[in-house]
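Have a look at it first, then read on.

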Amino acid sequence: MNFFRRWHAHHEFHHHFGHGHHGHHFGRHADGFAHLLMARVGAKLDLDSEQQRRFASWIEMIQNQRDAMKGMARGPELVGLIAGEQFPRESAQQLLDAKLDAVRAAGPGLIGAFAEFFDSLDNEQRQVLRFMMRRFSHSRRHGDVA
């Protein structure tokens, strides 16, 4: 097995199981990760159907924003930027500004969706969520991805 195949196999294993230091969970398997996240959070917080709906709505909004930003790096606009002899800084800045404006415009919706979800939790569920966030934050600071 050549180096690239071995690396890819290693990356896929660790990416799927959430180990190692190969980036974030939102990769090619974003839909799978979203379902896993919803299932794990739903089970840990013992969410009812309305809370699950609100959480799923928030996750979907995050994925849409991620996809919009990801599209900037892979879109035809980027290809156009590097087609000439010199890099058009002003056009690149305008493209970035447009993408950032779209993210800013979606911000209140993201905040509102999370607020609806959070406000629907009871005190015990909020405590569990806080604990989960502290663990996640702690693991990210120490280089863990899980």
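Is phenylalanine 114 partly exposed or buried? It is partly exposed, with a relative accessible area of 28%. Keep in mind that this is a predicted model.

**The aromatic patch**

Phenylalanine 114 has a partner: with phenylalanine 118 it forms a stacked aromatic pair, 6.1 Å centre to centre and with 25° between the planes. The two sit about one helical turn apart, because they are 4 residues apart in helix α5. Phenylalanine 118 is partly exposed too, at 21% relative accessibility. The structure holds 5 aromatic pairs, and Phe55, Trp58, Phe114, Phe117 and Phe118 make up one aromatic cluster.

**Helix α5 and its kink**

Helix α5 covers residues 89-119, which is 31 residues. From first C-alpha to last it reaches 44 Å, close to the 45 Å expected at 1.5 Å a residue. Even so, there's a kink of about 35° at alanine 106, shortly before proline 108. Alanine 106 is among the buried residues of α5, along with Ala92, Leu95, Gly107, Leu110, Ala113 and Phe117.

**What packs where**

The largest nonpolar core has 12 residues, including Val41, Trp58, Leu110, Ala113 and Phe117. Helices α2, α3 and α5 each put in at least two residues of this core. Alanine 113, for one, touches Trp58 and Met61, leaving aside residues up to four places away in sequence.

Glutamine 65 is in helix α3. It touches Ala102, Val103, Ala106 and Leu110, again leaving aside residues up to four places away in sequence. At 18% relative accessibility glutamine 65 counts as buried, because the cut-off is under 20%.

Aspartate 46 is another story: it lies in the loop between α2 (30-45) and α3 (49-74) and is exposed at 62% relative accessibility. Its phi is near 55°, a positive value in a residue other than glycine.

Here are the accessibility values side by side:

| Residue | Relative accessibility | Class |
|---|---|---|
| Glutamine 65 | 18% | buried |
| Phenylalanine 118 | 21% | partly exposed |
| Phenylalanine 114 | 28% | partly exposed |
| Aspartate 46 | 62% | exposed |

The chain averages a pLDDT of 78, with 71% of the residues scoring at least 70. Among its elements, α5 has the highest mean pLDDT (91), while helix α1 (residues 3-17) has the lowest (51). Over residues 13-28 the pLDDT is below 50, though this stretch has 30 contacts in the model beyond near neighbours in sequence.

Key
Residues numbered from 1 in each chain as written. Predicted model: local features only at pLDDT ≥ 70, side-chain atom pairs only at ≥ 80, totals over all residues. Heavy atoms only, no water. Expected span 1.5 Å × (residues − 1). Bend = angle between axes of the 7 residues up to and from the residue. Buried < 20%, exposed > 50% of the residue type's maximum accessible area, 1.4 Å probe, protein only. Core = buried A, V, L, I, M, F, W, Y, C linked by side-chain atoms within 4.5 Å. Contact = heavy atoms within 4.5 Å. pLDDT = per-residue confidence, 0-100. Phe/Tyr/Trp six-rings, centres within 6.5 Å; stacked < 30°, edge-to-face > 60°.
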